[in-house]
Amino acid sequence: MKRFVIIFIAGVFAVYALVFLSAFVFVQKLMPAVLKPKFQQARNFVGLGTLFVSEASMRAYSTSYRFYQDGKWTDWYFLEEPLFEEYVSKGRLASLKHNRLDKYLSQKIVRIGRKSGNAQMMKSKEFQAFTSHLFYSHNQNRKPDSLQIIVRQKFRQPETVKTIFKFKYQP
Amino acid sequence: MSRVQSFLTDVETGLMNQKDSNANLYWFRKAVYLLLLLKMLLVWPELKTFYHHVTNAQGTIVGFSFSKLMFLPIFSSFVQLWWGLACIVVAAATVLSAKRWLSILIFIISLNYLSLFYLATNSGDKLLNFFIFSLIFVNEKALKQQVSWMLNNATVLLVKINICAVYFLNGYGKILKSSWWDGSFMQKVWELEYYTNLHLVPQWFSNPTVCLVTSWLVMLFELGFPFLIWFSTMRKWLVPIGLIFHIFIALFLSLPDFGLTMAAAYLLFVDKMGKVWSLKNNGNKKKRFNPEPLP
């Protein structure tokens, strides 16, 4: 029994060593393509990730939206800012998590839209997920007649914003 | 063949001769479960939002999966009740003594938490889930020479190595970037939208000299920790420094769950956990954590 457990433990540590090594780019280049997603899953499972390393993750975006309903356009609203403000002012963790979800969904459709065009983006399941969440959570579960989105990239020095993506959509 | 045998014998001897980790594991389990409970309670106000998003994005769950148990159609009308019961189970596991079936149940709850908040998770959530998984193999009442004693030590070792690996990967990723060498990346971190808490971060943190010094301190800590933590003389300095480091991250960079998860993992690096427990309990429960080997 003891020997069996030792073999099991040694095996677990050997697999862990492979998972750790798979985090390095030069090891990934040596790996068969079919194994890469499996190792990615394993790294996710053990929480092996990096924070504040990628330059791309340092870019700041701001999403604004408005709905056309009841025969008129609503005011423009910011998607991410109010939730983050709520977290920093009240310490509400739920708002921080909601902010992360909004940020992810918004940036996902921006990436698809900029890569494949608005028409293709509106057909994607990511866009369906984004609009469904927007209407449910930010418009009291109500489908508007029309939706307008503007995404801006923010720059600090000098403090400017640049519109990188906008579209109108009729659900 | 004899080499394999001697390797396995060395591993066995190494794991058997490790010092008692039962007290560390006891407090580690309490901290990890308490953290999961806190997160579950604090995110409850957005439960409906996330549940709607997941069920909408993924459609009806067809096959059975422990990680998506709460998304089964049968539970769709009782999500709040499901969450409430899950919170009660985690609270009970925090207070009660460790049971294998309870550890497995908590792991299933943790998997469901990850499935629900998967787009809003960070390394901290995944690490916590891994800690909860590792606790399945732990027996806090293990006695020396028992198989469970070996499993305890192997689990503690794996979790410790994992923490070191996280630090090393982060340090390695940073040292490869010239923007970390000159401190300019650190300046960007202090301006990072939806992360930096500008209500708490002082303006002087963005000073180029301060950023340069901070960058190097962070890199030295992350690259040094995995190697130095194994020496007891360094450990007594690294543990408090690391705790301060993670409290700073939690407060200033809006990663409270990540900071607290790492802080919980530090409990495994504290040397005098058994003594603290013995003093607190006036020696009555000492045997529970420092058991004498059976004759």
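Hi everyone, and thanks for coming. A word on ground rules before the tour. This is a predicted model, where local features need pLDDT of at least 70, side-chain atom pairs count only at pLDDT 80 or more, and totals for chains, interfaces and linings use all residues. Residues are numbered from 1 along each chain as its sequence is written, and chains are lettered from A and ligands numbered from 1 in the order in which they are written.

Let's start with chain A. Its domain assignment, which is automatic or taken from a database, gives domain 1 (2–46) and domain 2 (56–169). Taken over C-alpha atoms, the centres of domain 1 of chain A and domain 2 of chain A lie 37 Å apart.

Now, the strands. I use DSSP runs here: helices are H or I with at least four residues, strands are E with at least two, and both are numbered from the N terminus. Two strands pair if DSSP finds at least two bridges between them. Strand β1 (residues 60–69) of chain A pairs antiparallel with strand β4 (residues 146–155) of chain A, over nine bridges. β4(A) is also joined by nine bridges to strand β5 (residues 160–169) of chain A, again antiparallel. Between β4(A) and β5(A) sit four residues, and the two strands form a hairpin.

In β4(A), R152(A) is the bridge partner of S62(A), and in β5(A) the bridge partner of R152(A) is T163(A). Likewise, Q153(A) stands opposite K162(A) in β5(A). As a reminder, side chains in a regular strand alternate between the two faces of the sheet.

On to chain B. What does its secondary structure come to? Chain B has 14 helices and zero strands. Its C-alpha trace spans about 65 × 55 × 50 Å along the principal axes. Of its 295 residues, 37% count as buried, meaning that 20 or more other C-beta atoms lie within 10 Å of a residue's own; 12 or fewer makes a residue exposed, anything in between partly exposed, and the C-beta atoms are placed from the backbone. For contacts, the cut-off is 7 Å between C-beta atoms, also placed from the backbone. Among contacts in chain B between residues at least 6 apart in sequence, 72% join residues at least 24 apart.

So where do the chains meet? The contact takes 43 residues from chain B and 46 residues from chain A. On the chain B side, α1 (2–16), α3 (47–58), α6 (123–134), α7 (147–175) and α9 (184–189) each supply at least two residues. α7(B) gives the largest share of that side, 12 residues. By type, the side of chain B that touches chain A divides into 24 nonpolar, 11 polar and eight charged residues. Nonpolar here is Ala, Val, Leu, Ile, Met, Phe, Trp, Tyr, Cys and Pro; charged is Asp, Glu, Lys and Arg; the others, Gly among them, are polar.

Two of those helices deserve a look. α1(B) has 15 residues and is hardly covered, with a buried count of one. α3(B) has buried residues F50(B), H53(B) and V54(B). Why do they line one face of the helix? Seen down the axis of α3(B), the buried residues fall within an arc of 95°, so they line one face; the arc is that of the directions from the helix axis to the C-beta atoms. These buried residues pack against α5 (93–116) and α7 (125–138) of chain A, together with α5 (100–116) of chain B.

T261(B) sits in helix α12 (residues 256–265) of chain B. T261(B) is buried, with 29 other C-beta atoms within 10 Å. Leaving aside neighbours within four places in sequence, T261(B) is in contact with L35(B), G124(B), L127(B) and L128(B). V213(B), in helix α10 (residues 208–228) of chain B, counts as partly exposed, with 13 C-beta neighbours inside 10 Å. V213(B) and M186(B) are 27 residues apart in sequence and 9.7 Å apart in space, C-alpha to C-alpha.

That's the tour, and I'm happy to take questions.

Technical notes: Contact = placed C-beta atoms within 7 Å.
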